[in-house]
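Please take a moment to look over the chain before reading on.

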Amino acid sequence: MSAVRSDALVAVGRRVVAGLFALLVFASMVPVAVAQPAPPAVAFEKSSLVIDTAAGEQKFDVELALTPEQQQRGLMFRQKLGVHEGMLFDFVRTQPLSFWMANTLIPLDMLFINADGTIARIHANTEPLSTRNIDSGSPVRAVLEINGGAARMLGIKPGDTVRHAVFGNAKQ
């Protein structure tokens with residue numbers, strides 16, 4: 001009687017080992033996500049701008065996204081942004097615009113700006129890593145991206161004026 005039990009036990013053990021071996025072979029064929037190297041850096045020209053608000057001027061140091069390559073990269077892969085820092089996207093002509101937050105790690109406020117520098121719309125606290133489209137709501141020339149929540153904290157509202165050379169209204 002004990003011989004029958006041990007033969008059955010050996011058979012079960014062999015099946016378990018064979019199953020584990022098959023699982024290991026299958027797992028070795030499944031592609032595994034491997035960390036990708038950071039994409040090559042994109043250079044941005046730096047500038048300053050001022051936003052005229054009801055509470056006074058708010059000054060920002062910004063990077064300029066002027067080329068399609070710069071505009072495509074934007075603030076992707078950034079882990080932080082100062083309260084008075086941002087990125088100004090100039091599209092040169094007035095048009096409907098749409099953005100998303102894929103590969104953007106921090107929440108942003110998006111200020112959609114008319115050709116004369118007037119803020120047309122603010123989309124506050126965008127969701128990091130989201131592929132949901134964020135549109136301008138109307139044709140605009142530019143977008144200023146700043147830290148999420150900064151527009152509210154600094155009293156920036158639609159109707160305020162962004163002063164910068166791209167709008168031809170920079171203060172001398």
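Helices (H or I, at least four residues) and strands (E, at least two) are DSSP runs, numbered from the N terminus. The structure is a predicted model, in which local features need pLDDT of at least 70 and side-chain atom pairs count only at pLDDT 80 or more, while totals for chains, interfaces and linings use all residues. Residues are numbered from 1 along each chain as its sequence is written, and side-chain values use heavy atoms, with hydrogens and water left out.

Begin with the sheet. It is open and consists of seven strands in the order β6-β5-β8-β3-β2-β1-β9, with mixed pairing; two strands count as paired if DSSP finds at least two bridges between them. At the edges are β6 (119–123) and β9 (161–163), each of which pairs on one side only. From one strand to the next, the twist averages 30 degrees. For such angles, axes are lines fitted to C-alpha atoms, for helices over the stretch in contact, and the angles run from 0 to 180 degrees between N-to-C directions.

Now take the pairs of strands. Strand β1 (residues 45–53) and β9 run antiparallel and are joined by three bridges. In this pair, aspartate 52 is opposite threonine 161 of β9. Strand β2 (residues 56–65) runs parallel to β3, and five bridges join the two. Here valine 62 is opposite glycine 86 in β3. Strand β3 is also joined to strand β8 (residues 140–147), by six bridges, and these two run antiparallel. Methionine 87 has glutamate 145 in β8 as its bridge partner.

Where does glutamine 95 lie? Its place is in strand β3, which covers residues 85–95. Glutamine 95 is buried because its relative accessible area is 17%; buried means under 20%, exposed over 50%, and partly exposed in between, with a 1.4 Å probe and protein chains only. A contact means heavy atoms within 4.5 Å. Leaving out residues up to four places away in sequence, glutamine 95 touches Ser136, Ser138, Pro139 and Val140.

Proline 96 lies in the loop between β3 and β4 (98–99). Is proline 96 buried or exposed? Proline 96 has a relative accessible area of 63%, so this residue is exposed. Again without residues up to four places away in sequence, proline 96 touches Ser136, Ser138 and Pro139. Proline 96 and serine 136 are 40 residues apart along the chain, and their C-alpha atoms are separated by 6.1 Å.
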